[in-house]
Amino acid sequence: MVKMSGGQALVKSLGREGVEVVFGLPGIQIYGIVAALRDEPGIRMITTRHEQATTYMADGYARASGKPGVALVVPGAGVYNAAAGLANAYSRSTPVLLIAGQIPRGAIGKNLGAVHEIADQPGTVRSVTKWQRQISRPREVPDAVFEAFRQMRTGRPRPVLIEMPPEAGVEQEEVQLRSPARISRIVPSPDDLREAARVIAESSLPLIYAGGGVARSDAEKALVKLAETTNIPVVTSSGGKGAIPDSHPLSYGSCFSPRGERQEMNQLYEVMQSADVVIGIGARFSLGNPAGEAATLVNINIDDSELTRIQANTIPLHGDARATIEALLPYLIEAGARERPSPAEAVTAARSLIAYYDIRLKEPQYAVLEAMQKGIPEDAFIVWDVTQFGYYARTHYKANYPKTYMDSGYSFNLGYGFPTALGAKVAKPDRPVICMAGDGGFMFNSSELSTAVKYGINVVTVLFRNDSYGNVARDLDDAFGGAYGTDLHNPDFVKFAESFGVVGLRAKDPLELERLIPMALEREEPVIIDVPFGDMPIPPAPQFAPFYNLPWTQPQDGLIQS
């Protein structure tokens with residue numbers, strides 16, 4: 001055991017867990033931690049301009065690196081500000097550790113008006129964290145950090161919270177540091193695997209539905225091997241984009257379509273609804289199993305609460321995605337699943353039909369997305385903020401490298417994109433990182449341009465500008481007789497970028513992105529590309545509206561509209 005302060009114990013424990021960067025904003029109640037970070041050469045702190053960016057950046061870092069991201073904030077308002085990033089990480093099952101300060105131990109729960117005091121601080125983020133602990137003294141630190149990382153590395157990865165009163169950060173006592181936990185991947189029993197393999201081998205039209213759990217398990221290569229060995233085609237959720245290359249002959253692409261109400265655009269749904277066996281891998285099936293009760297659902301998920309939630313006719317396989325695929329493959333081969341003929345021609349035909357209607361309908365966002373795709377390297381990380389183009393990208397953007405496509409999941413956090421992209425670039429400084437944002441969302445965290453310049457985080461941001469919260473304006477126009485409160489007054493974004501020392505470029509036409517994006521990447525500096533566009537018809541949002549019957553635009557459950 002070694003005598004050290006709580007702040008030192010915390011930082012040393014983070015280092016033992018492999019942490020190399022902390023995204024934080026220094027302030028009172030966390031001085032002991034900040035001082036320990038200052039004196040620890042193996043960990044650097046990236047200071048943001050707002051606490052919201054700390055957890056967004058930690059989320060982007062975690063998704064790009066595959067390792068937990070760490071954020072540090074003061075208590076009270078700092079936690080509230082960081083909560084948006086926790087909600088986003090929770091929706092995308094991202095391992096993020098939020099380290100929060102606390103008010104002095106003797107004042108907790110007494111409502112004395114201490115600086116940054118809020119009642120039941122952990123309760124304010126309990127719904128968007130998997131696990132929480134308060135550290136009261138230095139010797140408690142190693143066990144708390146050990147358990148925080150064990151929680152993030154086992155089961156379904158999601159954010160966790162550690163909070164520490166200011167005294168615990170500076171007090172000293174004998175501390176026993178711990179090594180990281182040995183984590184074993186969960187695998188279903190041989191009998192369950194054998195039964196699932198038999199059902200899959202005997203099926204006529206099986207289909208793999210891959211979700212975000214594939215990426216969280218680093219199971220992309222295993223998924224491709226499963227598809228190629230068995231000749232079973234793959235459909236991905238938006239969270240699963242990149243789990244198998246969209247260019248792979250057995251990949252249908254993403255199942256979510258912003259034009260699902262058009263009969264000719266329902267090709268993927270028709271494919272899924274005709275399946276007699278659906279193999280779900282790391283997927284929530286948030287809209288239900290599209291094949292319905294007529295199909296058998298072989299459901300592979302690390303979260304046992306998700307296994308039988310979808311339908312009764314399920315073979316649940318509780319296990320890690322990669323380990324379960326690897327364990328299942330020998331049983332599939334033994335059952336004869338590899339003798340299935342290749343459906344590659346049918347997959348190609350379906351994809352060609354979808355592309356044909358995209359071109360025939362001449363939707364302008366299709367041409368813009370194609371131009372962007374030509375200008376973006378295949379190995380680039382691309383972070384889509386909640387934008388009108390982002391909705392379209394969930395179906396149409398082609399992701400051919402693992403983990404390179406990032407969106408906000410069901411949380412739909414407007415403004416998350418830019419700081420999340422910064423975190424991804426910190427994790428992978430040698431890879432291109434591009435943020436796609438609208439003018440409304442970008443301004444949520446535009447002050448982080450300062451952070452990008454200070455630390456040399458060379459993200460290219462494509463900023464679609466229509467001087468409006470365009471998606472909301474369209475919905476109000478279409479369903480409520482006119483927009484209200486949606487017009488925006490923006491700065492000159494080129495001059496705004498340049499005022500921070502960021503390179504500012506302006507496109508005359510969105511199709512110029514094919515040329516401007518490579519030009520921006522060559523600069524190896526933070527770059528903003530201002531892309532003005534006019535009244536562009538955008539498919540109704542959200543892209544899965546046909547399934548929800550737009551409850552925010554019309555009465556539901558028999559309620560009377562006056």
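Student: Among contacts between residues at least 6 apart in sequence, what percentage join residues at least 24 apart?

Tutor: This is a predicted model, in which local features need pLDDT of at least 70, side-chain atom pairs count only at pLDDT 80 or more, and totals for chains, interfaces and linings use all residues. Residues are numbered from 1 along each chain as its sequence is written, and side-chain values use heavy atoms, with hydrogens and water left out. A contact means heavy atoms within 4.5 Å. Of the contacts in the protein between residues at least 6 apart, the share joining residues at least 24 apart is 72%.

Student: What radius of gyration does the protein have?

Tutor: The radius is taken over C-alpha atoms, and the globule rule is 2.2 Å times the number of residues to the power 0.38. For 562 residues a compact globule would come near 24 Å, and the protein agrees with that. The C-alpha atoms fill a box of roughly 65 × 60 × 55 Å along the principal axes. The radius of gyration is 24 Å.

Student: What percentage of the 562 residues is buried?

Tutor: Buried means under 20% relative accessible area, exposed over 50%, and partly exposed in between, with a 1.4 Å probe and protein chains only. By that cut-off, the buried part of the 562 residues is 57%.

Student: Is serine 13 buried or exposed?

Tutor: Serine 13 lies in helix H1, residues 6-16; helices (H or I, at least four residues) and strands (E, at least two) are DSSP runs numbered from the N terminus. Leaving out residues up to four places away in sequence, serine 13 touches Val141, Pro142, Val145 and Leu177. Its relative accessible area is 5%, so serine 13 is buried.

Student: Is leucine 112 buried or exposed?

Tutor: Leucine 112 sits in the loop between strand E5 (96-101) and helix H5 (121-124). Not counting residues up to four places away in sequence, leucine 112 touches Ala107 and Glu117. With a relative accessible area of 60%, leucine 112 is exposed.

Student: What is the volume of the largest cavity?

Tutor: On a 1 Å grid over the protein atoms alone, a cavity is a set of points where a 1.4 Å probe fits but cannot get out, a pocket is an open set with protein on both sides within 12 Å along at least five of seven lines, and lining residues have an atom within 4 Å of a point. Grid points are joined across faces, edges and corners, and a volume is the space filled by probe spheres set on the points. The whole structure holds four cavities of 30 Å³ or more. The largest cavity has a volume of about 130 Å³.

Student: Which residues lining the largest cavity are the closest to its centre?

Tutor: Helix H9 (213-216) and strand E16 (405-406) are the elements that give two or more residues to this lining. Out of 16 lining residues, the closest to the centre are Ala215, Arg216, Gly239, Lys403 and Tyr405.

Student: Which element gives the largest share of the lining of the largest pocket?

Tutor: The largest pocket has a volume of about 1,100 Å³. Of its 50 lining residues, the closest to the centre are Ser93, Pro157, Gly212, Gly213 and Arg216. Elements that give two or more residues include helix H3 (51-65) and helix H6 (141-153). The largest share, three residues, comes from H9.
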